[in-house]
Amino acid sequence: MFEETLEEDSKFQEENLHLVTFELSGEEFGVDIMQVSEVIPVPKITRIPQAPECVKGLINLRGKILVVIDLNKRLGFQSKDTDSLSRILIVEVKDTVTGMLVNSVKEVMHLPLSSIEPTPEIIKSKINSEYLTGVGKVGNRLLILLNLSKVLGEEEIEELNELSSAKENI
């Protein structure tokens with residue numbers, strides 16, 4: 001009897017995606033929590049001369065120099081001044097640890113896989129489609145799902161490594 005109940009319960013359990021949600025340019029985004037190692041308030045950011053436009057600068061995180069990417073600029077949105085709600089997502093992309101500046105972090109949540117739909121063409125026309133994994137429906141909210149490992153290409157990762165190591169050698 002007990003085993004039958006367990007089997008029935010497991011049939012109704014749905015696989016979920018565990019997400020960190022954040023805001024950029026008035027829109028809500030989500031990324032797989034496995035792509036984010038931590039979320040920190042914005043410390044002092046040191047600007048880098050002649051860095052790519054989306055690079056905000058460098059931070060010192062517990063003795064490690066990290067490059068910070070302005071995710072608004074990287075996705076083609078208007079950059080926003082940092083404020084008390086701004087946060088940096090610390091992520092590891094292809095063995096490179098970097099920070100991604102977002103306007104605010106909303107929550108950590110579970111999203112049923114059945115609530116995720118393919119990215120509509122109108123969104124793909126605004127944001128590079130390879131960065132997107134779909135759109136999640138949460139009640140009356142829509143979450144644009146990003147794959148952070150696609151947001152930075154191979155060339156950019158090499159450039160970030162050079163920027164980090166050049167600053168550490170100074």
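This is a predicted model: local features need pLDDT of at least 70, side-chain atom pairs count only at pLDDT 80 or more; totals for chains, interfaces and linings use all residues.
Look for Lys44 in the loop that runs between β3 (36-41) and β4 (55-61). How far apart are the C-alpha atoms of Lys44 and Leu58? They are separated by 8.5 Å, although the two residues are 14 residues apart along the chain.

Is Lys44 buried or exposed? Its relative accessible area is 67%, and since exposed means over 50%, Lys44 counts as exposed.

## Two residues with positive phi

Next, let us turn to the backbone. Gln50 is found in the loop between β3 and β4. Gln50 is not a glycine, and yet its phi is positive, at about 60°. With a relative accessibility of 84%, Gln50 is exposed, because that value is over the 50% cut-off.

Ser25 lies in another part of the chain, in the loop between β1 (16-24) and β2 (27-32). Ser25 also has a positive phi, about 50°, without being a glycine. How accessible is Ser25? Its relative accessible area is 34%, a value between the 20% and 50% cut-offs, so Ser25 is described as partly exposed.

Now find strand β7, which covers residues 96-102. How many of its seven residues are buried? Six of them are, so the strand is mostly covered; buried here means a relative accessible area under 20%.

Strand β7 pairs with β5 (residues 64-70) in the parallel sense, over three bridges. Within this part of the picture, Ile69 stands opposite Met100 in β7. Strand β7 also pairs with β6 (residues 87-93), here in the antiparallel sense and over seven bridges.

## The turn between β6 and β7

Which residue in β7 is the bridge partner of Val93? The partner is Thr96. Strands β6 and β7 form a hairpin with two residues between the strands. In this hairpin, Lys94 takes a positive phi near 50°.

Definitions and conventions
Residues are numbered from 1 along each chain as its sequence is written. Side-chain values use heavy atoms; hydrogens and water are left out. Helices (H or I, at least four residues) and strands (E, at least two) are DSSP runs, numbered from the N terminus. Buried means under 20% relative accessible area, exposed over 50%, partly exposed in between (1.4 Å probe, protein chains only). Two strands pair if DSSP finds at least two bridges between them.
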